[in-house]
Amino acid sequence: MAAQKPAPAPSDKPHPDVSRRSQRSRRAIYDAALALVGEVGYPKTTIEGIAARAGVGKQTIYRWWTSKADVLLEAFLDLGEQATQAAGEAHAGGIPDTGDLAADLKAVLRATVDELRDPKFEAPSRALAAEGVVDEKLGREFVTKLLEPSLRLYVDRLRSAQETGDIRPEVDPRIALELFVSPLAQRWLQYTGPISYEYTDTLVDYALHGLAPR
């Protein structure tokens, strides 16, 4: 009877941390996608270009996403999460409700001004906004998945203000929020004037004066 070979001793070599490696790859892909779309625009941004810049194979990207729009969507969501963390979770989970509606809105809009001025956010945002004007499908997708969730937070805060009597009950919060959100977006997109804390504070003051109980 042949002697059995002894079982191999367990290797002391550490196993690679697949999850950490995947996270590093995702981060590289996010950064590459945002940088590339800011530099060359959405039409010229490709999966191949993102992969080359991120230092990964394009099959890695296709394993996680089906299109460059999906990559950029997730990259923007991640960018927003980073901004929230950098702000110390001040606005995590929604717009603060301190009981002072004006102060709460001004605080969030000031944070928005900081984000719009951030070169890491501004260049890709402008590229995608421009493309969304001519590509209706892309524009609707980014509005639905990126913009609308943020706008719903304003709706929730304004509804809370209606419950406390700070805003008239017949006011439509979805329309009311546009009194301070839309002018900021237009000024930023079209360079019609500087964006600043003073500007957004004034928008809130003007909007709430018109919404106050009569």
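Me: What does the secondary structure of the protein come to?
Reply: In this predicted model, the protein has 10 helices and zero strands.

Me: How many residues does the protein have, and what percentage is buried?
Reply: The protein has 214 residues, of which 36% are buried.

Me: And what share of the contacts with a separation of 6 or more is between residues 24 or more positions apart?
Reply: Such pairs account for 66% of those contacts.

Me: Let us turn to the core. How many residues are in the largest nonpolar core, and which have the most contacts inside it?
Reply: The largest nonpolar core has 53 residues, and I61, Y154 and F180 have the most contacts inside it. Helices that each supply at least two of its residues include α1 (18-40), α4 (68-86), α7 (136-163) and α9 (178-190). Domain 1 (15-67) and domain 2 (88-209) each contribute at least three residues to this core.

Me: Which residues does Y154 touch, not counting those up to four places away in sequence?
Reply: Y154 touches I95, L105, V108, L109, T112, L177, F180 and V181.

Me: How many aromatic pairs are there, and why is the pair of Y154 and F180 called tilted?
Reply: The count comes to four aromatic pairs. The ring planes of Y154 and F180 stand at 50°, with centres 5.8 Å apart, so this pair is tilted. It links distant parts of the chain, since Y154 lies in helix α7 and F180 in helix α9, 26 residues apart. Both Y154 and F180 are buried.

Me: Which residues form an aromatic cluster?
Reply: Y30, W64 and W65 form one aromatic cluster.

Me: Now α5. What is its span, and what caps its N-terminal end?
Reply: α5 has 17 residues and reaches 25 Å from its first C-alpha to its last, close to the expected 24 Å. D100 caps the N-terminal end of α5, with a side-chain oxygen 3.3 Å from the backbone nitrogen of A102.

Me: Which residues of α5 are buried?
Reply: The buried residues of α5 are L101, D104, L105, K106, V108, L109, V113 and L116. An α-helix has 3.6 residues a turn, so residues three or four places apart point the same way.

Me: What about α6: how far apart are its end C-alpha atoms?
Reply: They are 24 Å apart, which agrees with the 22 Å that its 16 residues should span at 1.5 Å a residue. At the start of α6, a side-chain oxygen of D118 comes within 3.0 Å of the backbone nitrogen of K120. Among the buried residues of α6 are F121, R126, L128 and E131.

Me: Is D201 buried or exposed, and where is it found?
Reply: D201 is found in helix α10. With a relative accessible area of 12%, D201 is buried. Its side chain is joined to that of R110 by a polar contact of 2.6 Å. Leaving aside neighbours within four places in sequence, D201 is in contact with K106 and R110.

Me: Last one: where is S196, and what does it touch?
Reply: S196 is in the loop between α9 and α10. S196 is buried, with a relative accessible area of 18%. A polar atom of its side chain lies 3.1 Å from the backbone nitrogen of Y199. Not counting residues up to four places away in sequence, S196 touches V113 and R117.

Terms used. Residues are numbered from 1 along each chain as its sequence is written. This is a predicted model: local features need pLDDT of at least 70, side-chain atom pairs count only at pLDDT 80 or more; totals for chains, interfaces and linings use all residues. Side-chain values use heavy atoms; hydrogens and water are left out. A nonpolar core is a set of buried Ala, Val, Leu, Ile, Met, Phe, Trp, Tyr and Cys residues joined through side-chain atoms within 4.5 Å. Buried means under 20% relative accessible area, exposed over 50%, partly exposed in between (1.4 Å probe, protein chains only). Helices (H or I, at least four residues) and strands (E, at least two) are DSSP runs, numbered from the N terminus. Domain bounds come from an automatic or database domain assignment. Contact means heavy atoms within 4.5 Å. The expected span of a helix is 1.5 Å times one less than its number of residues. A polar contact is a pair of N or O atoms within 3.5 Å; within protein, one must be able to donate a hydrogen and the other to accept it, and residues adjacent in sequence count only if both atoms are side-chain atoms. Rings of Phe, Tyr and Trp (its six-membered ring) pair if their centres lie within 6.5 Å; planes under 30 degrees apart count as stacked, over 60 as edge-to-face and the rest as tilted.
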